[in-house]
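The following paragraphs lead through selected elements of a single model. Please keep the sequence and the coordinates at hand while reading.

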Amino acid sequence: MKDIFALRLYTRVARLGNFSAAARECGLSQSQASRIVADLETDLGTRLLSRSTRAVVPTEAGAEFLARIESILGALDEAEHSVRGGGDLRGVLRMSTPTSFGVHTVIPRLAAFTAKHPDLHIHLLLEDARRDLVRDAVDVAIRLGQLVDSSATAKLIARIPRVIVAASQYLEQAGAPATPMELTRHRIVAGPAANVPTAWAFERGAEKVTVDLEPHFSTNENEGAVAAAAAGLGITSTSEWACQRELASGSLVRLLTEWKTTDIPVHAYYPMGPATRAAARALVDHLAAQFDRDAIHVRHT
């Protein structure tokens, strides 16, 4: 088990690119982590990592070893999980999710899962910007919208209704659009959810309209777009989940409700493919069940 721990530590150091972050994940000091990996290199008779003051990167041998060992560790996780009968998940699980979705949708649904697996530490990365998931050792990423890579190992776990919203004070000054095309006369707030081709696509019966709009205010996070719309800066297109609180309080109101907008698909994306840890799949299954329980538009694949 000591050797297995060294292998897991090595994969974290190699993926994160430094000893400090990997050591913190594993509950070690930097010097302890460095010594364990150095002992592993001695046992193998080869240098796995190239170390400098600026970065830690795998050598050619280290990169090949990493690719082989991750699938083995994934299989080991699966075996341990099956022996325990689906309980007792352990270690560190790194999950990435868009900020507003994570805050309003994922975190409120984690309590039962964490209570069932007290020895599992979940490191939740809240961010709207896309990151290199493999390099940053992310076990599972929640992604809203169409997947860029259709061949990716992913699971569709929900579909979120899209809404067009604005603040009452903005509508009092500018008026409410009666048709999608009237949006061209309004100030537009753009966030990640409003910057995709389907963000401003509408249907009503057999009629289909797609409006090409230039934003007057833009931000890189959906939380910012919702806040900007609530502050009266203009109209935005976002997920219903992202602005539930604002809709409930009346700080935002829905527009063009006679028109159907394109739902936003929610995928769980596994960057390590078949080597994905059992903990990541278990957490995704938990979230999918929670969404189903809450009568959210879910389709299992």
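What span should the 16 residues of helix α10 have, and how far apart are its end C-alpha atoms? The model is a predicted one, and the comparison can be made directly on its coordinates. Helix α10 covers residues 278-293, and at 1.5 Å a residue it should span 22 Å. Its end C-alpha atoms are 22 Å apart, which agrees with that expectation. In general, an α-helix has 3.6 residues a turn, so residues three or four places apart point the same way.

The next element is a sheet. Three strands form an open sheet in the order β10-β9-β14, with antiparallel pairing. The edges are taken by β10 (207-210) and β14 (260-261); each has a single partner strand, so one side of each is left without a neighbour in the sheet. Strand β9, residues 201-204, pairs with β10 in the antiparallel sense over 4 bridges. Within this pairing, F202 has V209 of β10 as its bridge partner. Strands of a sheet pair in general through backbone hydrogen bonds, either parallel or antiparallel.

A61 lies in helix α4, which comprises residues 60-83. Its relative accessibility is 33%, so A61 counts as partly exposed. Apart from neighbours within four places in sequence, A61 is in contact with T46 and R47. T153 lies 92 residues from A61 along the chain, and the C-alpha atoms of A61 and T153 are separated by 27 Å.

Conventions: Residues are numbered from 1 along each chain as its sequence is written. This is a predicted model: local features need pLDDT of at least 70, side-chain atom pairs count only at pLDDT 80 or more; totals for chains, interfaces and linings use all residues. Side-chain values use heavy atoms; hydrogens and water are left out. Helices (H or I, at least four residues) and strands (E, at least two) are DSSP runs, numbered from the N terminus. Buried means under 20% relative accessible area, exposed over 50%, partly exposed in between (1.4 Å probe, protein chains only). Contact means heavy atoms within 4.5 Å. Two strands pair if DSSP finds at least two bridges between them. The expected span of a helix is 1.5 Å times one less than its number of residues.
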